[in-house]
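Welcome! Let us take a walk through this structure together, one part at a time.

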Amino acid sequence: MDPNEQTEKPLISKGADAFFIGVYDIFRFISRFFKEALLPPFEIKELIRQCFQVGYKSLALISLTGFITGLVFTKQSRPSLAEFGATSWLPSLISIAVIRALAPLVTALICAGKVGSGIGAELASMKVTEQVDAMEVSAINPFKYLVVTRVLACTICLPLLMAYTAVVGLMGSYLDIHLNEQTSLVAFFQKAFESISFLDLGASFAKALTFGFTIGIVSAYQGYNATQGTQGVGKAANMSVVISMFLIFIEEILIVQIVNSIR
């Protein structure tokens, strides 16, 4: 028997064991979140503070990104429609693109980079400096105070940020259309929402809720289970962003398929 085969089998077995143990840990972490979130006492003050951190502190970046997205997408779409003399379709095209796809996705990616990395780094630093252990000694439930509030804040604030991004993106589009076609604001929004249905709005809010929960739970898991001292802080922040973005794209594909099957 080849000695290399003897060394490869234990390595494969060890890798499989680590994978399934990791899946079990994630499942237990999510189960504990729902259990802690539904049982009193509720950390309302900390939840409000986290909503302020996630929502209000992200408005500046979200405003700039949303406005530029709507403006640039309109500029890029105009030449193609102008070839067919269909520039009047721009408001409908932009509203469909922004509300159905761009607003939820752009908002989620911005929050994954800004909020996700912040949650991962913050909880990881508290974990490696033993502040979490100190909270347990002080008869405070660190999971409820640190994890539940942050995950709920992300889940609550992301749909609100998504709606704000959609409005700002449409205003960026309106600015470009008004400068070129002299379209009024009322006419622009009338044309923009002619092609939007309640299914589109519901799907966008469902995406935002899913993306918000994903960012919160992934970042909290990475930070709350951080190890290796200060190296673990950087790793937790990095993995929070990378895994959140990867899952966001997977969820986007799945939700689009479900909505298209309903449509």
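We begin with helix 9, where Gly232, Val233, Ala236, Ala237, Ser240, Val241, Ser244, Ile248, Glu251, Glu252, Ile255 and Val259 are buried; buried means under 20% relative accessible area, with a 1.4 Å probe and protein chains only. Helices here are DSSP runs of H or I with at least four residues, numbered from the N terminus. The buried residues of helix 9 pack against helix 4 (90-128) and helix 8 (198-224), where contact means heavy atoms within 4.5 Å.

Please keep in mind that this is a predicted model, in which local features need pLDDT of at least 70, side-chain atom pairs count only at pLDDT 80 or more, and totals for chains, interfaces and linings use all residues. Residues are numbered from 1 along each chain as its sequence is written, and side-chain values use heavy atoms, with hydrogens and water left out.

How far apart are the end C-alpha atoms of helix 9? They are 49 Å apart, which agrees with the 50 Å that its 34 residues (229-262) should span at 1.5 Å a residue; the expected span is 1.5 Å times one less than the number of residues.

Helix 8, one of the packing partners of helix 9, is also where you will find Asp200. Asp200 is buried, with a relative accessible area of 2%. Leaving aside residues up to four places away in sequence, Asp200 touches Arg100, Ser195 and Arg263.

Note on methods:
Helix = DSSP H or I, 4+ residues; strand = E, 2+ residues; numbered from the N terminus. Buried < 20%, exposed > 50% of the residue type's maximum accessible area, 1.4 Å probe, protein only.
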